[in-house]
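Here are my notes on this model, in numbered points. Please read them beside the structure.

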Amino acid sequence: MPDDSGAARARQRTGTGIGLLLVLVLGAALLIALPDDDGSGDGACRALTVGSWEADDGLTAEFARYGDDASRTDDWTGGDGTHSVRLPDGRVLWLFSDTYLGQVYGPPNPHGESYAWRDTTAPLVRNSAVLMRDGRLESTLPAPLFADPAPGRWRWPVAARVEPRSPGSPEQVVRVLLWVRTAGQAPWIYGVPTATEVATLSLPALRLESIVEVLDQRSVRDPSRRVLFGTTLVEEDGWTYVFGGDDGRAASRPASHAYAARVPEGGLADPDAWQYWSGSAWVPGARPRPVLGDGRRTGVGSAFTVVRDGGTYVLFTMAAGPKGLTTVASYWACSPAGPWHGPAKEFSPSLPQGQVAAYNPQAHPVLSGSGRLVLSYDVNWLETTSAADRLSRNVSLYRPRFVTLRLAAAR
């Protein structure tokens, strides 16, 4: 799930179906509450931005360790679309979109380079899930976890949360937001946005119980105006807020718009319980109206994330324009519906050498605390014709990397 502006035009999906939603692919948000363990939050809304950041080499290395483990041939060796949710028993469920399985071999690769590598025939599935316990990745669930709904269509998981099976129920389940996309031609090389669904997984077994469509967008004739919702889910006063976005692929609209919806806690799998921001109110069945983005200077990339610190919401997204391949920007607001202010301070996380891009910044509240915010970003190869080969000859490219942020007052 990638970023904005020129990257989608710079790269096309390879024949293997590699899941780089580079620039201008559908935005989605992860709205979470940032733990305020340092006691600095007083509930007041104040302008916030990135105060400092540093690479989180430990988390990045853990995914490299697990991906390189050759003891199994049916587990995760690389993927993008990184999302996480903590389960009631303390485990962390990590969700990914397009995923490589199979075997990883130690260096040198067949090209004589000092990279771990996989064979170009390694299986690639549309989604996967990996379990972590006590900071260590343990196992991959049978993949794909969410089967294709029809030929030429697929499901990409985005945000997830644990919630009551229904409002007021004592039983808990895992709800996973899914994007449904349909195979298309340029400029829809990452698929035409089709629908938002919600999957229900049982606890503690994580058995898939059902998938429900909550928003069908096929009646919207212009695919660039279709809105898919997904990335996160936060409780606030009994509501779960969910952000989404359009694809904004038109040349005249180089940045995507962000949208917001809300659902009573326990109601994510009930389409009638969803309320969409209409521009002035939360309305069931309303056509969603943007909460952020003028389509040019302001807006979001392919995947963005929102965290809450006290009374302030802070949004992170790949920057608009050419910087969207390397640079994360931030916005802030006093409510999910805005108004959003920014873009504010930017930062550029480290990238490996070569024609690569960063995309899909996602916050991970399950790993955050004491004023620290853990953010992941995905990495992929840009150049069209050699992307599949590059991801196989250097398996470290198609895996999440992590940074740790601290927020500070915007100046």
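1. The lining of the largest cavity divides into seven nonpolar residues, no polar and no charged. Nonpolar here covers Ala, Val, Leu, Ile, Met, Phe, Trp, Tyr, Cys and Pro; Asp, Glu, Lys and Arg are charged; the others, Gly among them, are polar. The lining residues are Val-328, Phe-347, Pro-349, Pro-361, Leu-375, Tyr-377 and Val-403.

2. The model is predicted: local features need pLDDT of at least 70 and side-chain atom pairs 80 or more, while totals for chains, interfaces and linings use all residues. Residues are numbered from 1 along each chain as its sequence is written, and side-chain values use heavy atoms, without hydrogens or water.

3. The volume of the largest cavity is about 30 Å³. The count is one cavity of 30 Å³ or more. A cavity is a set of points on a 1 Å grid over the protein atoms alone where a 1.4 Å probe fits but cannot get out; lining residues have an atom within 4 Å of a point. Points join across faces, edges and corners, and the volume is the space filled by probe spheres set on them.

4. The protein has three helices and 25 strands. These are DSSP runs, numbered from the N terminus (helices: H or I, at least four residues; strands: E, at least two).

5. Strands β4 (residues 83–86) and β5 (residues 92–96) run antiparallel, joined by four bridges. Pairing requires at least two DSSP bridges. Ser-84 sits opposite Trp-94 in β5. Five residues separate the two strands of this hairpin, and Gly-90 in the turn has a positive phi of about 100°.

6. Of 411 residues, 59% count as buried, meaning under 20% relative accessible area (1.4 Å probe, protein chains only).

Terms used:
1 Å grid on protein atoms, 1.4 Å probe; cavity = no way out; pocket = protein on both sides within 12 Å on 5 of 7 lines; lining within 4 Å. Buried < 20%, exposed > 50% of the residue type's maximum accessible area, 1.4 Å probe, protein only.
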